[in-house]
Amino acid sequence: MQACLLRTLAAAGSFLLASHAMAADIYSPMTPQVQQATTESGWTFTVAPYFWAADLSGDVKVSRLPQVHVDASFSDILKHLDFAAMAMGEARYDRYSIFTDLMYTKISGERATRRGILADRIELSSELFAGLLGAGYAVYEDSAARLDLAAGLRVWSVRNEISVSGGFFDGRSRTDNATWVDGLAGVRGTYSLTPQIYLTGWGFVGAGGADIDWDVAAAAGYRFNDSVSVTAGYRALGVDYSRNDFVFDVVQQGPILGLAIKF
């Protein structure tokens, strides 16, 4: 189906701010920084929105209606996107960090079925909220690199409405909701090739309400000065949730581009 259910994204703490000379100026390529402040106590705070040009594929099922296959490019998603808001944040002290990722999207669309026996057209409307809260500890850190071990909880809340016209299911409409929590664990890392060029990324996997919940990303960045850097990367995220007649089994992947600004 040409409508999709996710735009995520960048998750699980991408603000990797080290305390040493070169690593201290590294910005995450996944989340352009819009505000950063260091208190007298040594805490560093970062807040940022992000943009993810991702494709989406997978399966969605609501109530007793037929399962819908989702296969949408980013251009398809953009056509059907009603609203989206995404932001991340991190608080760091020495080797310790607390991070969050919040995302809300509303998407709607319709398409004709292939054979038209069960239905001629299917219309889908979806609202999604995903919120991650995690904590990390730097197990390795020097003037050029940092490696964090991290874990957290991601809350998913999905509301889907599917309406069918024509065929055997003509006039049927179903709305279903699901909310669940997954535990995630993994790593975050940053490495400076030069004072201007750096690499960064993360990998997380977990489960809970979903059978599996995973998130990986890798990117490179270029720092023009102490305040501005440009970044480019690639991210993939997947979740497989199935309970009773509700199915939400999707994978989202695509490039992340950003402009990081330090204040």
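Asn 177 is placed in strand β9, strands (E, at least two residues) and helices (H or I, at least four) being DSSP runs numbered from the N terminus. Leaving aside residues up to four places away in sequence, Asn 177 touches Val 158, Arg 159 and Phe 246; a contact here means heavy atoms within 4.5 Å. Asn 177 and Asn 160 are 17 residues apart along the chain, and their C-alpha atoms are separated by 6.4 Å. The model is predicted: local features need pLDDT of at least 70, side-chain atom pairs count only at pLDDT 80 or more, and totals for chains, interfaces and linings use all residues. Residues are numbered from 1 along each chain as its sequence is written, and side-chain values use heavy atoms, with hydrogens and water left out.

**Overall architecture**

- The protein has 13 strands and 1 helix, arranged along the sequence in the pattern β-β-β-β-α-β-β-β-β-β-β-β-β-β.
- Of the 263 residues in the protein, 50% are buried; buried means under 20% relative accessible area, exposed means over 50%, and partly exposed lies in between (1.4 Å probe, protein chains only).
- Among contacts between residues at least 6 apart in sequence, 64% join residues at least 24 apart.
- The protein exposes about 11,400 Å², of which carbon and sulfur atoms supply 58%; accessible areas come from the Shrake-Rupley method with a 1.4 Å probe, and for residues only the protein chains shown count as cover.

**Nonpolar cores**

- The largest nonpolar core has 25 residues, and those with the most contacts inside it are Trp 156, Trp 180, Val 239, Tyr 241 and Phe 248.
- Two or more residues of this core come from each of β3 (55-61), β4 (68-72), β5 (81-93), β7 (121-141), β8 (145-165), β9 (173-192), β12 (228-243) and β13 (246-261).
- The element that gives the most to this core is β13, with 4 residues.
- A second, separate core of 7 residues includes Phe 99, Leu 132, Ala 150 and Phe 204.
- A nonpolar core is a set of buried Ala, Val, Leu, Ile, Met, Phe, Trp, Tyr and Cys residues joined through side-chain atoms within 4.5 Å.

**Aromatic pairs**

- The whole structure holds 12 aromatic pairs; rings of Phe, Tyr and Trp (its six-membered ring) pair if their centres lie within 6.5 Å, with planes under 30 degrees apart counted as stacked, over 60 as edge-to-face and the rest as tilted.
- The rings of Tyr 96 and Tyr 137 form a tilted pair, because their planes meet at 55°, with centres 5.0 Å apart.
- This pair links distant parts of the chain, Tyr 96 in strand β6 and Tyr 137 in strand β7, 41 residues apart.
- Tyr 96 is partly exposed, with a relative accessible area of 49%, and Tyr 137 is partly exposed at 36%.
- Trp 156 and Trp 180 form a stacked pair, at 5.9 Å centre to centre and 10° between the planes.
- Trp 156 lies in strand β8 and Trp 180 in strand β9, so this pair ties together parts that are 24 residues apart in sequence.

**Salt bridges**

- The structure has 11 salt bridges, each being a side-chain nitrogen of Lys or Arg within 4 Å of a carboxyl oxygen of Asp or Glu.
- Arg 146 forms a salt bridge with Glu 141, with the closest N and O atoms 2.9 Å apart, and both residues are buried.
- Arg 188 and Asp 148 meet in a salt bridge at 3.1 Å, N to O, linking strand β9 to strand β8 across 40 residues.
- Arg 188 is buried, with a relative accessible area of 1%, and Asp 148 is buried at 0%.
- A network of salt bridges links Glu 90, Arg 92, Glu 141, Arg 146, Asp 148 and Arg 188.
- Asp 213 and Arg 154 meet in a salt bridge at 2.8 Å, N to O, and both are buried.

**Surface**

- Tyr 93, Tyr 96, Tyr 137, Val 139, Tyr 140, Leu 147, Leu 149 and Val 187 form a nonpolar patch with about 730 Å² of accessible area together.
- Patches are made of residues with over 30% relative accessible area and no salt bridge, like charges being joined within 9 Å and nonpolar side chains (Val, Leu, Ile, Met, Phe, Trp, Tyr) within 5 Å.
- Strand β7 gives the most to this patch, with 3 residues.
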